[in-house]
Amino acid sequence: MYNKKIWASLLMVICLSSCSPKDMENPGDSNLNNEMQADPNFSWSTTRQVTIEIKGLQLPVSISRKLILSTEEDAVFYTGTQLMNEDFNYAVELPNHIRSVSMQFGTIEKTQDLTENKISFDYLPADQDIGSVK
Amino acid sequence: MKKSVLMSLVLCYSMISFAQRIENDAELGRNKLFEAQCWELMEVEVNNHAATLISEKFSIRSMELQKASLSDSYLKTPWIKFGEGSITLKTKLDGSAGGNRSIVVQYIPFEEGNTDTGEGKPTVLYTFDFPHPVNKNTKVYDLSFPVPTKLINGKPYKVSFNFTGTGGSARIGVDDIVLPGTYQSDPSNQCFPIKPIKDADGDLVMDSEDEFPNDQYRAFNNYFPAQGYSTLMFEDLWPSIGDYDFNDLVVDYRINRITDAKNEIVEAIIELKTRAIGAGFKNGLGIEFTNIAPGKVLSVTGTHISTASIHSFSENGLEAGTQWVTLIPYDNAFNVLPHPGGGVTGVNTDPFGRDQEVIVQTIVVTFKKGGKASSNGPVHQDELNIKNFNPFLIRNQERQVEIHLPGKPPTNLADRQLFGTIDDDSDVSGERYYQSKGTNLPWALHVNQSLPHMQEKNNFTTGYLKFKEWVISNGSVSEDWYLDLPQYRDRTKIY
């Protein structure tokens, strides 16, 4: 009988404690307040906004193809159709550690380093030694 | 005829030539701009040198010609399909001394087998010899010669204007070149001739570039993050600060915006991996896409909602009564990551507890069906991105208690009376949200890659050793704190 009462009491305690949901922690468990203070304007972001521009090319025909933008880790972050004679402007959030962006449009492939979170591309051919006039 | 049988060879380039003639008046002013249009300039220069200037601001001039060679100095056109008429140009000498000077014009057929340049054997079409004496000759000559009928055959040709001469240093200038015909080069394909491309689904995206080549309503995948998953980590005691292990809810996500040929979103495929619940609360997860009207969504599938949910939903599957697109992937995290038992309270946060398998939950948000958007209009690819991605935890079945990333606004269903209470320092009028009083610390983190979470009750800074200096330096130091580099992590604290 005595044992039954103990078991019943134990059961009641378990039931009561499980009936009222509570979290696994309590307010103020952290001592982080004493260790770390952020600037009020700190963004907490592991990415930053990068602006990408591609200058359109004056052409006697209209050419539309797939434009691909990617990081130096070959991570593609933009794919879409683009008219070669139109300017392209795109703002994207890229991871903080990314330092360069590549564009691919048909057989045209270029890579640029980020300068002040901005990159400018064009469709012009790369500089060549031939063609300069003596 | 079945689509699988019918392989339509459709021109994927808009072949609208803006004129029925090809012109070069040198007025672009730079060699490179003409080269970008597939002209070839060998030892010739676009410039405004007075001695060879013929009209307007720029002309094209040759090098100092000293030998009778057809390959030293020339101007070559892009590929063109000839039309009826004559080739015309203006030319002059610069008045310097010279023995003789000539322009030899050749046509060059396209040769399919020449994968380097595509050029076949050149044939002389026309020759102009400047009259003697060359010295002090600065007269402008108008040249004109007809296109032979045999070349008006629909095939692509180049025309090469070759500048030759012996003796002296006299240069040749040319300007106002006009050829009857249509432009046929493709600057996006090494200037080879434009050719019909396979486009099986007819959406004007060629099959080789179309990621859905047999689906006329879909063309490209667009992921964010660009590779792998990103991680969301929450503390759930807001507006009180908790133990700062950021594992009360840990969710990996990635979003694929499938777009069509117009760069409009057909559907957003959201993959979620709820990895850990370091909490006893029955927390839910919400995702708002700020500034996208709910009426633009046709349907939502893949959410896990309890039978007697605290949420109400619209016919399209979005949460009802919200200002912007708001979906509820689940109203109770334990429904997607059940407790495995074994005596611990949380799931996948206690190293001595049983591991619970993490499943991928796939939610599909549809914006276009059969090529048609809702009556509220389409959503362009750049309208749904990380900037307006606004995920939030819903605390313990209390709909009005939302916990967002720092700086992100609450939905209109959140209880704004909670802002500024206990440890929270949000200021609705100042658009400052979810940061703590005095220390400005957040209740949620968003990391651009999949990040292992902390073991229960281990402060985040004890596992990610560069995190604190990133914060207190205001981001100027250790901005890559999340990378798995030497001395960046204490793995004994990480799950």
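Predicted model: local features only at pLDDT ≥ 70, side-chain atom pairs only at ≥ 80, totals over all residues.
## A walk through chains A and B

B:Cys38 is buried, its relative accessible area being 7%. What does B:Cys38 join? Its partner is B:Cys191, and the two form a disulfide with an S to S distance of 2.1 Å. The torsion about this S-S bond is about -80°, so the disulfide is left-handed. B:Cys38 sits in the loop between α1 (31-36) and β3 (40-42) of chain B, while B:Cys191 sits in the loop between β13 (172-183) and β14 (197-198) of chain B, so the bond ties together parts that are 153 residues apart in sequence.

From here we can turn to charged pairs. Side chains of opposite charge can pair when their charged atoms come close. Over all chains, the count of salt bridges comes to 26. Take B:Glu267 and B:Arg218, whose closest N and O atoms are 2.5 Å apart in a salt bridge. This pair links distant parts of the chain: B:Glu267 belongs to strand β18 (residues 265-276) of chain B, and B:Arg218 to the loop between β14 and β15 (223-224) of chain B, 49 residues apart. How accessible are the two partners? B:Glu267 has a relative accessibility of 8%, under the 20% limit, and therefore counts as buried. B:Arg218, with a relative accessible area of 22%, is partly exposed.

Two further salt bridges in chain B are worth a stop. In one of them, the side chains of B:Glu398 and B:Arg395 meet at 3.0 Å, N to O. Here B:Glu398 counts as partly exposed at 26% relative accessibility, whereas B:Arg395 is buried, with a relative accessible area of 16%. In the other, B:Glu402 and B:Arg399 bring their side chains together at 2.8 Å, N to O. B:Glu402 is buried, with a relative accessible area of 0%, and B:Arg399 is also buried, at 10% relative accessibility. Elsewhere, salt bridges that share partners join B:Glu40, B:Lys76, B:Glu119 and B:Lys158 into one network.

B:Thr91 is part of strand β8 (residues 86-93) of chain B. Is this threonine buried or exposed? With a relative accessible area of 0%, B:Thr91 is buried. Its side chain reaches the backbone oxygen of B:Gly173 at 2.8 Å. Leaving aside neighbours within four places in sequence, the residues in contact with B:Thr91 include B:Ile54, B:Ile103, B:Phe128 and B:Phe130. The list also takes in B:Lys139, B:Val140, B:Tyr141 and B:Leu143, along with B:Ile172, B:Gly173 and B:Val174.

A:Thr71 lies in strand β2 of chain A and, at 4% relative accessibility, counts as buried. Which residues does A:Thr71 touch, once its neighbours within four places in sequence are left aside? They are A:Phe77, A:Leu94, A:Ile98 and A:Ser100.

Finally, let us look at how the two chains meet. The contact takes 64 residues from chain A and 96 residues from chain B. Between them the chains bury about 6,600 Å², 55% of it on carbon and sulfur atoms. There are also 24 residue pairs in polar contact across the interface of chain A and chain B, counting pairs with both residues at pLDDT 80 or more. How many salt bridges cross this interface? The rule finds five between chain A and chain B. A:Arg99 and B:Glu479 form a salt bridge, with their closest N and O atoms 2.7 Å apart.

On the side of chain A that touches chain B, the elements giving two or more residues are α2 (32-35), β1 (47-55), β2 (64-71), β3 (76-83) and β4 (88-95) of chain A. Of these, β3(A) gives the most, with six residues. Sorted by type, the residues on that side of chain A divide into 29 nonpolar, 22 polar and 13 charged.

Definitions and conventions
Residues numbered from 1 in each chain as written. Chains lettered and ligands numbered in written order. Heavy atoms only, no water. Contact = heavy atoms within 4.5 Å. Buried area = accessible area lost by both parts, 1.4 Å probe. Salt bridge = Lys/Arg side-chain N within 4 Å of Asp/Glu carboxyl O. Polar contact = N/O pair within 3.5 Å; in protein donor to acceptor, adjacent residues only side chain to side chain. Helix = DSSP H or I, 4+ residues; strand = E, 2+ residues; numbered from the N terminus. Nonpolar A, V, L, I, M, F, W, Y, C, P; charged D, E, K, R; others polar. Disulfide = S-S within 2.5 Å. Buried < 20%, exposed > 50% of the residue type's maximum accessible area, 1.4 Å probe, protein only.
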